[in-house]
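Hi,

Here's the structure I promised to pass along.

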Amino acid sequence: MDYLQGLNAQQREAVLHKDGPLMIVAGAGSGKTKVLTTRIAHLMATGVDAFNILALTFTNKAAKEMKERIEKVLGNNEARNLYIGTFHSVFARILRGEAHNIGYPNNFTIYDTDDTKSVIKTVVNELNLDDKHYKPSAVYNRISSAKNALVGPAEYANDYALQQEDMRANRPAIAQIYDAYVKRCFKNGAMDFDDLLLKFYELLKNVPESLSKYQRKFKYILVDEYQDTNPAQYEVIKLLGAMHENVCVVGDDAQSIYSFRGATIENILQFQKDYEDAKVVKLEQNYRSSKSILDVANEVIKNNKGQIPKNLWTDKGEGEKLKLVRLNTDNDEGKFVADTIQEQKLRNHYNNRDFAILYRTNAQSRAFEESLRRMGIPYTMFGGISFYQRKEIKDYVAYLRIIVNPRDEEALKRIINYPVRGIGKTTIDKLVLLANQHNISMWEVLERAREAGFKAGTLEAIENFVTMIKSFASMLQVKNAYDVAVHVGKQTNFVKELFNDKSTEGVQRYENVQELLNSIKEWTESPDTEEGEVNDKGLGAYLQQITLLTDADEKDPNADTVKLMSIHAAKGLEFGCVFAAGLEEMLFPNALAINSREELEEERRLFYVVITRAKERLWISYANTRYRFGNLVQNEPSRFLDELPEKYLDRSFAGGGMRNQINNRSAYDRMNGGGWGGGSAAREAEKRYGAPPSKRAGTTPSTPSYIPPKPQQKAVEHVPSADFVASDISNLQVGQRVEHQKFGFGEVVKMEGSGHNPIATVKFELNGEKKIMLNYARLRIIS
DNA sequence: AGCTGCAAAATTTTT
DNA sequence: TTTTGCAGCT
């Protein structure tokens, strides 16, 4: 039991508590993940079968980390039998075997946000409503909130308060759209993200056999970030845990930052009422931050009402004061941060990976990207689009989706005439009309096209298409997902089309598609993790899984790069040095979140979260002016800055250079009514430093957004051996000799980044050491 | 049917 | 400022 060593008294108490409900109130940096993972390891060490443990997290990243840490503690591979994952992925996985019980196909499609908005747009148009007024994103927010609160279309229509709200927003038809949207998804055999929670809840509530099956299975349930659960998640946990009541929730009310997604802080405040004999353990010692940082955080959060009382403390020293920095423009802010990183690296010997730049909105990233590039500092930006959201990938995937679930209308519309095969807009409109008239799926209309009286040429095109898709489907009966995917790419001319496009983007698209195929291959060949009942290596399972991946899951968090991300995305992480940027009114607190005490308090919790990410040093910055949609706007400093205790503050202006001095004065003048034309610091800087950074162009998954080129070691040309064939590199070992198509011959010197994203460091004879992502690289093993 | 070019919108946070 | 959508042209 040496895993109990190194736990403090409260942590140990939480780990050792065996049966019955348990709530762990875990302050920031108090070793929450350690407790959760040790607790699971302890359960297993004391005889609980891994198959009977369910652990739910909010991000794939958190799930992966937990799994790895448990493996490490246990020293065997029993952990792979645990059900650890996000709410969405675990529920999707179970629904894959159970969906037929609630009228869905088990191979249901999962609609991502784009698919969802597209369906809404379709529905809005079909109801003859104006999609300028009923904007898909606005409608989606309404529907999503309703689903998360377990309010169905009928209840929605009958809910007086909701109806009033819609009336006031001049959108009275939301209820009608909601109803049509749900019906359309059902007809398409598709679930959106919210459905994964909602339908799983419905399954448990309405199908007693399924409920008792999973109640019996999950004897121990652990929930991370409980403060961020919404009513749907709450009810599911309650139902699943009702038999054994071994429900352990971990959370921190001070870090609840997802109410916009339906999370109710009530869930954590109510836990003791739900389970009267619940044990409550508070983890109050912070192991992460210096005393100054922690005190500042505590001081800030005091301004919120209705907390679970707790006293977060540390035995660390005071450390550095935090720096509060005022800048003139957002570009100056970017420059200041990059300069400071450079300086800190030299002066205090930090690595790139010790820095994080955190902001309220993703749109703020640009200034930082620009300045980091200019300084040649490598960075990774989180929060972009996922690999699987790229157009060419979604198109390819649409073919695969159709094969698995022909009723998936969104996929069908995407590829029915791509590459062109003579089924144009007129034909598609007619197909949709027929489907709606007869209340059948579009696919069924295609199958029965002969009855519909199309012109001969059109009919032939349709029938060829149907035959082709059917041939793919029957191939899937005998071949694995990878073989089918390759065949689809060839047969449809899809891959050829991309290959023939020799523009830079075209080449990138082609490479992306090759990577998609590699990922399917890897999936096909990786070992089964489920217990027999469902084929979890099938194409359907693959498709369901990739929809739930975010770009954060594709990037290496351990790479030696500066990390850029939103504060939301940074929850759960820690960094030696943190820059909290853009502390301005309208931005943070955000203009859209200052209309009620609840909203404002959530913004303040967000501020608390960003402060508590820092271990040693913290900079808080704000700019007098910044660009918004190309216009310069002025903002007041954030009201939260007034809540910082003066004694830990070190205030300053940025830089001391001439340019800054002048700009300081101009900003000051402007604030006092003095006129100054629209001199653009950005444009000026661009002239000076040359080309702007390319945006997110062509980064491949798992690579940082930007790595500065190393001038001294250009890749030396290597001509691959005539017999070059990529080997199976899933079991690559240190010491093996390999050949890479570009880099030549080399030896594996290091393996890291375990689990889904293994990385090998290879020392090449001609090109020196390179980090190779095994998921995507093609290597030939020589010995 | 597909492409070009202009107007209008976009940014809060995410599985 | 950048991206998206659509109208009108070929």
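Below is what turned up among the aromatic rings and the charged side chains.

Before you dig in, keep in mind that this is a predicted model.

Rings first. There are 23 aromatic pairs in the structure. One of them is Tyr 104 with Phe 186, an edge-to-face pair with 5.0 Å from centre to centre and 90 degrees between the planes. Tyr 104 is in the loop between α4 and β4, while Phe 186 belongs to helix α9, so this contact ties together parts that are 82 residues apart in sequence. Tyr 104 is buried, at 6% relative accessibility, whereas Phe 186 is partly exposed at 38%.

Another pair is Phe 499 and Tyr 510: the centres are 5.0 Å apart and the planes sit at 65 degrees, so it counts as edge-to-face too, the cut-off being over 60.

Now the salt bridges: the search of the whole structure came back with 46. Take Glu 225 and Lys 32, whose side chains meet at 3.3 Å, N to O. They link distant parts of the chain, 193 residues apart: Glu 225 is in the loop between β6 and α12, and Lys 32 is in helix α2. Both residues are buried. They also belong to a network of salt bridges that links them with Asp 224, Asp 228 and Lys 571.

Asp 252 and Lys 310 form a salt bridge as well, with the closest N and O atoms 3.3 Å apart. Both ends lie in loops, Asp 252 between β7 and α13 and Lys 310 between α14 and β9, 58 residues apart. Asp 252 is buried at 2% relative accessibility, but Lys 310 is partly exposed at 25%.

Last one: Glu 463 and Arg 450 meet at 3.0 Å, N to O. Glu 463 is in helix α21, and Arg 450 is in the loop between α20 and α21, 13 residues away. Glu 463 is partly exposed at 27%, while Arg 450 is exposed at 60%.

Cheers

Key. Residues are numbered from 1 along each chain as its sequence is written. Chains are lettered from A and ligands numbered from 1 in the order in which they are written. This is a predicted model: local features need pLDDT of at least 70, side-chain atom pairs count only at pLDDT 80 or more; totals for chains, interfaces and linings use all residues. Side-chain values use heavy atoms; hydrogens and water are left out. Rings of Phe, Tyr and Trp (its six-membered ring) pair if their centres lie within 6.5 Å; planes under 30 degrees apart count as stacked, over 60 as edge-to-face and the rest as tilted. Helices (H or I, at least four residues) and strands (E, at least two) are DSSP runs, numbered from the N terminus. Buried means under 20% relative accessible area, exposed over 50%, partly exposed in between (1.4 Å probe, protein chains only). A salt bridge is a side-chain nitrogen of Lys or Arg within 4 Å of a carboxyl oxygen of Asp or Glu.
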